[in-house]
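Me: I have a model open and would like to talk it through with you. Could you take my questions one at a time?

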Amino acid sequence: MLIIFLRAFILFALLLVVIRLMGKRQLGEMEPFELVITLVISELACMPISDRSMPITYGIVAISTMFVIHQLILLFSRIPHLQKMLSGKPVLVVNKNGVDAQALQKLNMQVDDLLQALRVAQCFSLEEVQYAIMETSGQLTVVKNSEMSDKQQTLHVPIIMDGKWDDDDISRNGIDKQRVENLLSGKGAKVKDVLVMTVDSSNRLVFQRYSGKIEYETIQGALLWNE
């Protein structure tokens, strides 16, 4: 037990030093290669702790090697082409025309993923967003629409995303599908044509076709919500 304690303490101290040397970004905003290195290092640390037949020097050398690899990658990433190859580049996912469906497809993201990331950024409607950029670290940077500051008071409910009904949210929030279909018919659109469609409790609608600009409107007359 004492041997295991000492091996764990030594490797913990080494890992702490290595992670600190790799930079504070390792704690939150990791690039893809940094995430891979961190995962490998954690696995390398476990092996000498759990297997007493393995000399602890094996773990120390392996972890130190991963640190050297990290430093070499940082050095080579100063070359623009290699930097793009290793980490990619930021992608504009929301622009003045609305959601960029091709950009989402490139990132293997769905509209639902985008809306979730926007909510984390304290944006509860696409109308609040002027631009949104997916950074290479996987975090979403949002430039808010100053005209909408403090105006959005209610959460938008997804109705259609990526050309499909969001049945869970529709059922949970009492959205009337027939009224939505009538609204779509008036716009000359079908469900499969719609990239995103959301509505809030005040009947403020966000609507965008795959091949069109985003639209915002307050629906007059019959509400989409079941009474």
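Me: Where in the chain is confidence lowest, and where is it highest?
Reply: Confidence is lowest in helix α4 (residues 80-87), at a mean of 72, and highest in strand β6 (residues 164-165), at 95. Here pLDDT is the predictor's confidence in each residue, from 0 to 100, while helices (H or I, at least four residues) and strands (E, at least two) are DSSP runs numbered from the N terminus. This is a predicted model, in which local features need pLDDT of at least 70 and side-chain atom pairs count only at pLDDT 80 or more, whereas totals for chains, interfaces and linings use all residues. Residues are numbered from 1 along each chain as its sequence is written, and side-chain values use heavy atoms, with hydrogens and water left out.

Me: And what is the mean pLDDT of the chain?
Reply: The chain has a mean pLDDT of 83, and 89% of its residues reach 70 or more.

Me: OK, the sheet next. What is the strand order?
Reply: The order is β6-β5-β7-β8-β9 in an open sheet of five strands with antiparallel pairing, where two strands pair if DSSP finds at least two bridges between them. β6 and β9 (215-218) stand at the edges with a single partner strand each, so one side of each has no neighbour in the sheet.

Me: How many residues of β5 are buried?
Reply: Five of the five residues of strand β5 (residues 157-161) are buried, so β5 is largely enclosed by the rest of the structure; buried means under 20% relative accessible area, computed with a 1.4 Å probe on protein chains only, against over 50% for exposed and in between for partly exposed.

Me: Which residues face each other between β5 and β7?
Reply: β5 and strand β7 (residues 194-199) pair in the antiparallel sense over four bridges. Among the partners, Val157 has Val199 in β7, and Pro158 stands opposite Thr198.

Me: What about the β5 and β6 side?
Reply: β5 and β6 pair in the antiparallel sense over two bridges, with Lys164 in β6 as the bridge partner of Met161. Their hairpin has two residues between the strands, and there Asp162 takes a positive phi near 55 degrees.

Me: Changing topic: how many cavities of 30 Å³ or more does a search find?
Reply: A search of the whole structure finds one, and the largest cavity has a volume of about 100 Å³. On a 1 Å grid over the protein atoms alone, a cavity is a set of points where a 1.4 Å probe fits but cannot get out, a pocket is an open set with protein on both sides within 12 Å along at least five of seven lines, and lining residues have an atom within 4 Å of a point. Grid points are joined across faces, edges and corners, and a volume is the space filled by probe spheres set on the points.

Me: What lines the largest cavity?
Reply: The lining includes Leu115, Leu118, Cys123, Phe124, Pro158 and Thr198, and helix α6 (residues 111-120) gives the most, with three residues.

Me: And the largest pocket, how much space lies in it?
Reply: About 180 Å³ lies in the largest pocket, whose lining residues include Val94, Lys96, Glu127, Tyr131 and Tyr216. β3 gives the most to that lining, with three residues, and β1 (91-95) and β3 (129-134) each supply at least two.
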